[in-house]
Amino acid sequence: MAKRIDVKDLDIYYGDFKAVEGVSMTVEPRSVTAFIGPSGCGKSTVLRTLNRMHEVIPGGRVDGKVMLDDQDLYAPSMDPVAVRRTVGMVFQRPNPFPTMSIKDNVAAGLRLNGIKDKKRLDETVEKSLRGANLWSEVKDRLDKPGAGLSGGQQQRLCIARAIAVNPQVLLMDEPCSALDPISTLAIEDLINELKSQYTIVIVTHNMQQAARVSDQTAFFNLKATGQPGRLVEVGSTQKIFSNPEQQATEDYISGRFG
Amino acid sequence: MSALTHVGTEVSTDRSDLMAKSSGRALRDRLARFVMWGSFALACVPLVWILVSTLLKGGHMLLSLDWWTLSQNGITARRVGGGAAHAIQGTLLQALVTAAMSVPIGVFTAIYLVEYGRGRLAKVVSFMVDILTGVPSIVAALFIYALWVTTFGFQRVPFAVTLALTLLMIPTIVRSTEEMLKLVPNELREASYALGVPKWKTITSIVLPTAFSGIVTGILLGLARVMGETAPLIILGPYTKSMAHNLFDGLMGTLPTMINQDRTEALQPAIDRVWGAALTLILIVFLLNLLGRFVGRFSKVS
């Protein structure tokens, strides 16, 4: 059920401003790919084009191709809503729905898409919470508000909510940047487990995290100030961190950057 | 003030200078405190005055059961007795109909402006709402009069009053709903989109429930304001002393017109009724405000 992502010559725009230029890369199914790079270089922007969330922003548009197995996500016949059901996303700040209980948060994706079968919803809630390593912590208070959990628990709740709709790919936009080290470890462990079922792409500012969780790493950087961001180098995580091809990559990961 | 600044800017080299500086600031702090408390007290004077005098002069009227159950039918200015039930139910009925018309229009306009509105149309709509906010109630009333009576040739009926009140209530609802919708974090909308939930469903199932109590508070406060409007009532809905339920035929008494009716009388029973009606109106508006606050307590976005 996990799928391969193929990005070809992707240019990304905000209105007339070209934010990212010429990205081409492949993400293998059942693997973790980390996007690293300085702030503002377009990592998150690229991530958001993989489930067509980029165009939610007024003026956002792309040129080029994003293939999910053999389907072009940007083909005119593609429905962005359907794409987002296939490619799930977890955000930087935990964002459970404040009006909903823990259970309703997890069931939200299914319920809002018209599934009412109570038994199926309950099963999915348990399965997803177990999948997100949160079940044992919340199983006695499923009807309490999701916003009452700790930050790390909220983020795992958001992961449970994302996998409840059974996506093929899971995108994570700096999922640990608002969390403490213990919660971060819990999420990283979870990513390691989830990769047996999902294709995962994660944006992170933490290079140790990229080294710990990912199989493949992509380094993004700006060409120059005011210029669009671009993909500098992509390769196996081991290679990027030990023997990168580009000097810029080496400078960045060794902390000699800018 | 300049003397204080002078003390302050004298460079502080030793201890006494430090003391001088802080005492100057303390003085200014005390002055600002005095001015603020003074303004607050001043603003309270008319409020307390109105409340106390209506309570003293009209309070006894509200204590009798007749006030809440009887109309003024057949009772002249000279006679004691009767009640304000006809005016209370008239005010509540018209407010209800006004809300039923203006809430959907106002809320949908706000949803359009916040969730969909881009480009010229949204700017024009927003500008129109601004203009509508500034329309005096007498102008709204005369506009409906010109439309309803002069152009269409209908009679002056309570429904025409509610049309004028709707005109006044729509902009307040649009503005307050807009503010509440803007308070809903964009992250929640994105979280919903990322689950493959369509935009309209995101609005109805995520955005509106999150902003719900705030929107209700805004509606109740808007309603409280509209209930006290008098100009449309005087122009479009003349007073009657008897009970009336039909919005499309005949006259209907309301609290503002009841106050206006006996306002010029010198006879004590009429004067008592004026104060009683005024107090009743204040009480209803106060209760609506309380209800608004109460609902606002449970607001998910604050």
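Over all chains, the count comes to 23 salt bridges, a salt bridge being a side-chain nitrogen of Lys or Arg within 4 Å of a carboxyl oxygen of Asp or Glu. Side chains of opposite charge can pair when their charged atoms come close. The model is predicted: local features need pLDDT of at least 70, side-chain atom pairs count only at pLDDT 80 or more, and totals for chains, interfaces and linings use all residues. Residues are numbered from 1 along each chain as its sequence is written, chains are lettered from A and ligands numbered from 1 in the order in which they are written, and side-chain values use heavy atoms, with hydrogens and water left out.

Helices here are DSSP runs (H or I, at least four residues), numbered from the N terminus. Asp122(A) also forms a salt bridge with Lys118(A), with the closest N and O atoms 3.6 Å apart. Here both residues lie in helix H4 of chain A, four residues apart, about one turn of the helix. Asp122(A) is partly exposed, at a relative accessible area of 31%, whereas Lys118(A), at 55%, counts as exposed; buried means under 20% relative accessible area, exposed over 50%, and partly exposed in between, with a 1.4 Å probe and protein chains only.

In chain B, Glu178(B) forms a salt bridge with Arg175(B), and the closest N and O atoms are 2.3 Å apart. Both residues lie in helix H7 (residues 158–183) of chain B, three residues apart, about one turn of the helix. Glu178(B) has 7% relative accessibility and therefore counts as buried. Back in chain A, salt bridges that share partners join Asp11(A), Lys18(A), Glu21(A) and Lys223(A) into one network.

Helix H3 of chain A also packs against another helix. The axes of H3(A) and helix H6 (residues 151–164) of chain A come within 7 Å and cross at roughly 30°; axes are lines fitted to C-alpha atoms, for helices over the stretch in contact, and angles run from 0 to 180 degrees between N-to-C directions. H3(A) is therefore roughly parallel to H6(A), a term for angles under 35 degrees. In the contact (heavy atoms within 4.5 Å), Ile102(A), Asn105(A), Val106(A) and Leu110(A) in H3(A) meet Leu157(A), Ala160(A), Arg161(A) and Ala164(A) in H6(A).

Definitions and conventions
Helices (H or I, at least four residues) and strands (E, at least two) are DSSP runs, numbered from the N terminus. Angles under 35 degrees count as roughly parallel, over 145 as roughly antiparallel, 65 to 115 as roughly perpendicular and the rest as oblique.
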